Amino acid sequence: MTVKDIFASMDYGPAPENPAEALQWIAGHDGRFGLFINGSFTPPRNDFASRNPATGTELARLTSATPDEVDAAVAAARRAFGPWARRSGHERARILYALARLIQKNARLLAVLETLDNGKPIRESRDIDVPLAARHFCFHAGMAQLMESELPDRAPLGVAGQIIPWNFPLLMLAWKIAPALAMGNTVVLKPAEYTSLSALLFAELCQQARVPKGVVNIVTGAGNVGEMIVAHEEIDKIAFTGSTEVGRKIRRATAGSGKALTLELGGKSPYVVFEDADLDSAVEGLVDAIWFNQGQVCCAGSRLLVQEGIAEDLFSRLKARMCRLRVGDPLDKSIDIGALVDPVQLERVRAMVAEGGHEGEVFQPECSMPNEGCFHPPTLISGLAPSAMLMQEEIFGPVLCATTFRTKADAIAIANNTRYGLAASVWSENLNRALDVAPALAAGVVWVNASNLFDAAAGFGGLRESGFGREGGWEGLSAYTRPRRKRLPLKPLAPVPPPEAGQSEGIDRTAKMFIGGRQTRPDSGYSRAVWSPRGRLLGHAGLGNRKDVRNAVEAARRAQGSWAAATGALKGQILYYIAENLSARADEFATRINAMTGRRNGMHEVETAISRLFTYAAWADKYDGLVHDVPIRGKALAMHQPVGVIAALAADEAPLLGLVSVMAPAIAMGNAAVIAASEPYPLAATDFYQVLETSDVPAGVVNILTGRHDDMAETMAAHMDVDAVWSFSSTDLSALIEHAAAGNLKRTWVNNAAARDWLSPAGEGRDFLAHATEVQNIWVPWGE
Amino acid sequence: MPSSITTSHGTGRPPDARSGSPAHDDRLPQVHLPRNEGLPLDLDWVMRAEANTSAIARRVAALPGRRSLKKVHQAAWLLRAITLIDLTTLSGDDTPDRVRRLCAKARQPLRHDLLRALGMEGTRITTGAVCVYHEMVPTAVEALRGSGIPVAAVSTGFPAGLSPCHLRVAEIGESVKAGAREIDIVISRRHVLTGNWQALYDELREFRAACSDAHMKAILATGELGSLRNVARASLVAMMAGADFIKTSTGKEAVNATLPVSLVMLRAIRDYEARTGFKVGYKPAGGISKAKDALTYLTLVKEEVGNRWLAPDLFRFGASSLLGDIERQLEHHVTGAYSASWRHAIG
């Protein structure tokens, strides 16, 4: 090409990034890599190959960890944990800062390596992945520095097993390792088998940064290695980013193990464009939403919802924009869309488009495409109904699916019509509208007039089948810490058995359940007699079954939306009012508790319950969100949103306080609660609904069931319309609940066979509030 | 180039490069395109125009990282940039000889040996136009006679546009009579700031009529319009009133051409073309002094409206010092050594 030719054509021409240094780094290891265990590399084996998806050429040979090697890695992490956790925050901060600087110093090598291994455009690995990874370490160096002063009540979890995906290999590593190390944990991390190289380079950086031996261990391999980590008994925490299917398996595999778990899974995130949006900017935002990283992004804006009146206009602008996207060699600096990660992935995307595309209108621009390699053209499928397969299923490729809506309410309904809940975008020049819609979307992250903005200062993570837990921000630290508290053994507590010769007095009292604001007989038609330890018949309580749970959840769901919309001040008022009415009947409740338990601390329990109601009445309008300082002109608002419908198994040992301790934080934060009362001592709870009835609690906000916890727990945990299950039952139902919760991947909070002193401050506080809320980060750029 | 849109508009060569015609005297800025006739003010359309500042800032911030021009491509694009410059002098101390000097530079913007080394011998490389105040128009016209380079006159009470209306209209006529082929008019910013779009439209209509066959380049003075939304709306009104070009700035405002403003104006141009079929030109002016910046602007144009706009009939840089930096970069391309300003002829 001569100057003259180009002067006429005004083409861009090639602008290739030089891969020589990255290839040299691989060659320097003879093209083979071992595992990084206890600060050094094991001898490499030729177990599997890592390939460049743009060309199909082999980059390196990698080692697939054996069970013994995983054991060795976990053992190294275990040995390193104590000393690492005991180091001062400042010492850990220095090492994290060194890692941040080393990533910056090796930015180009990391970026090129990432692009070679993954196929993503060099622009993205250079301008997004690598700088964000460095930023994550730098940010968490700060968190390590501040941990002692700002989080004095939190302790590290121990050894974290971390399994990351192939779409952002280095960045996901940073999201996992940085907070774990900052809080004093040690890690065993498995990169995805397609993309291990940047993690292995990072291992070398750990050596240079003088990360103590065993604090970071990196084991390579496929899913079977991940399974070894998940199943490993010496691991305290599993953090997984990847597909919903694998996430579900991990939830089941870790159920009842006591391992902490965070899951960041799939999505089908809505991208909502209102008629008053800046349409050209909305179109450009779609480029970042769905053609970023070839659409292989869990939070990709893959469902375009356009207001009907502007749909045609928007689609024509979008198609014109798509025609200017450049697909090709990911190492070329002028490429927008690189290669999908693997032929398997390409085939999957093609098959989905072939299978579901006919339900709408498929548009692909006539762009030049490389002849070989895993390339897929940018694709728009418009005219899809929400019922279309492609509007429901995650494609994980450069394919945008579109439909229209009429009104704000319509937009919210369609946006939330999904099993997922990771991210969303809202485009409107009217911030009244945008800030009305954003919190109504079922998504952990919402971008107003933007898409795919990330920063270490703002939490990222989802709800529903997109998983649970947050990464980044203050909220992300709870994924790697636990409250400092002594572990008390759980003592199973059975109902008082019927005496040989029981005595009853007074008029027969049969307690009912409390569902949707009404006193309800149990569906089963069975009741159980409640005896005092002295052989006195205190009354009967219904035996709740799955239908009672169903009815209670339905009532809770109906009530939850408007309860959440009530002001914090009103919720607080109602909690105070409950306390007031309970106080008026304190003697009666104290007597009842003493009669059931045979103890004499009934009045202390009642007074504590009143105080606890005050605590959450106080919190109702004070559990403020945060305004995160993210690097945009604008802020990210970390809002504390209610989880939704919370089903809880109340503590058995504290008949009234156990109920109040879960009910009050749940409703203070805007949730509706379905609570199974103390199994052996249910009558304080059933007396308590009379207090609720006189305290202006809206029908359905609190629902009280009685009966056997193990009968109701599974129904609660498996119920698809329950958003979280808590168990403080003296029956250890942790495994059962966590296993059943895998169905819709609801959040769980179970006692793992540990007891809690409900009369102490351990029975209340921020931990409860955190479990009663989802942190939703709403990014609000501004500017005129 | 993956785009089917851009290629459908033709090769994007400037008229001279295509024809190689020596008959430059009759070269008009828009020989091959129907001239924008304008249309009645469509306020619904104007008021629906939105411009989201943050999103626009993100787009332009990411753009230089999304497109990269290397080596021979960079050189070719810089040569093209030269042909798109309105070489400008708008100083109170301009004299006829100073303007003649500038015109000579416009005819011969790049050293012969560099042109030869770039393999561009026989291809006429001149700047897009020479832009002066009215008093200097006859001098410039005379100095450029036979070159095919049009003379542009700034007009209508430039730069503030606050002289009596009839004088502003008369000024256009005088400059046209003096031989200016392009009139760079300034709008009344107050009409934008008070939302009086009708007044803006009427004023521009009157200017356009006064321009007659000369082309009207409407300077919006975007640095004084308060918001990108106003820039978008003023751009549409100017085009509805028949502007042949819309231009950012006089060069005298505190903020002149910027990438965000350019993105907004280019999108308005694209929107206008989509609805009316008329291609309107774009001229960023003021503050573009580096070759690298010029490449970013050209990339933005190519990405947003396509190759057809990378020609002097649809795009100009209003710049006085840009040419010098391009000359240095081209010498660097040819020799591999960084250049110095005194090695290149001044204008």
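In chain A of this predicted model, 76% of the contacts between residues at least 6 apart in sequence join residues at least 24 apart. Put another way, the chain keeps coming back to touch parts of itself that sit at least 24 positions away in 76% of those contacts. The secondary structure of chain A comes to 25 helices and 35 strands. Its radius of gyration is 28 Å, close to the 28 Å that the globule rule gives for 784 residues, so chain A is as compact as a globular protein of that length. Laid along the principal axes, the C-alpha atoms of chain A fill a box of roughly 105 × 60 × 45 Å.

What share of chain A is buried? Of its 784 residues, 63% count as buried. As for charge, chain A carries 77 positive and 87 negative side chains, with the centres of the two sets lying 5 Å apart.

The mean pLDDT of chain A is 97, and 99% of its residues reach 70 or more. Confidence in this chain is lowest in strand β22 (residues 510–511), with a mean of 86. At the other end of the scale is strand β9 (residues 216–218), where confidence is highest, at 99.

A couple of spots in chain A are worth a look. Arg210(A) sits in the loop between α8 (197–208) and β9. Its phi is near 60°, a positive value in a residue other than glycine. Is Arg210(A) buried or exposed? With a relative accessible area of 70%, Arg210(A) counts as exposed, because the cut-off for that label is over 50%. Ala618(A), for its part, is found in helix α20 (residues 602–619). Its relative accessible area is 25%, so Ala618(A) is partly exposed. Between the C-alpha atoms of Ala618(A) and Ile507(A), which are 111 residues apart along the chain, the separation is 40 Å.

Over to chain B, which has 15 helices and eight strands. A compact globule of 347 residues would have a radius of gyration near 20 Å, and chain B, at 19 Å, agrees with that. The C-alpha atoms of chain B fill a box of roughly 55 × 45 × 35 Å along the principal axes. Buried residues make up 61% of the 347 in this chain. Among contacts in chain B with a separation of 6 or more, 78% are between residues 24 or more positions apart. The accessible surface of chain B comes to about 12500 Å², and 53% of this belongs to carbon and sulfur atoms.

To begin with, a cis peptide bond joins Phe158(B) and Pro159(B), with omega at about 0°. Pro159(B) lies in the loop between β3 (151–154) and α9 (165–177). Next comes Lys71(B), which has a positive phi of about 50° although it is not a glycine. Lys71(B) lies in helix α5 (residues 71–83), and at 67% relative accessibility it counts as exposed. Then there is His344(B), in the segment after α15 (322–335). What does His344(B) touch, leaving aside residues up to four places away in sequence? Its partners are Arg111(B), Leu114(B), Glu327(B), Arg328(B), Glu331(B) and Ser339(B). His344(B) has a relative accessible area of 6%, so it falls under the 20% cut-off and counts as buried.

How confident is the predictor about chain B? The mean pLDDT of chain B is 92, and 91% of its residues reach 70 or more. Over residues 1–30 of chain B, though, the pLDDT is below 50, even with 74 contacts in the model between this stretch and residues beyond its near neighbours in sequence. Where pLDDT is low, the predicted coordinates should not be read in detail. For the complex as a whole, the predictor gives an ipTM of 0.94 and a pTM of 0.95.

Methods
Residues numbered from 1 in each chain as written. Chains lettered and ligands numbered in written order. Predicted model: local features only at pLDDT ≥ 70, side-chain atom pairs only at ≥ 80, totals over all residues. Heavy atoms only, no water. pLDDT = per-residue confidence, 0-100. Helix = DSSP H or I, 4+ residues; strand = E, 2+ residues; numbered from the N terminus. Rg over C-alpha atoms; globule rule 2.2 N^0.38 Å. Buried < 20%, exposed > 50% of the residue type's maximum accessible area, 1.4 Å probe, protein only. Contact = heavy atoms within 4.5 Å. Areas by Shrake-Rupley, 256 points an atom, 1.4 Å probe, with all protein chains shown as cover. Lys, Arg positive; Asp, Glu negative; His and termini not counted. Charge placed at Lys NZ, Arg CZ, Asp CG, Glu CD.
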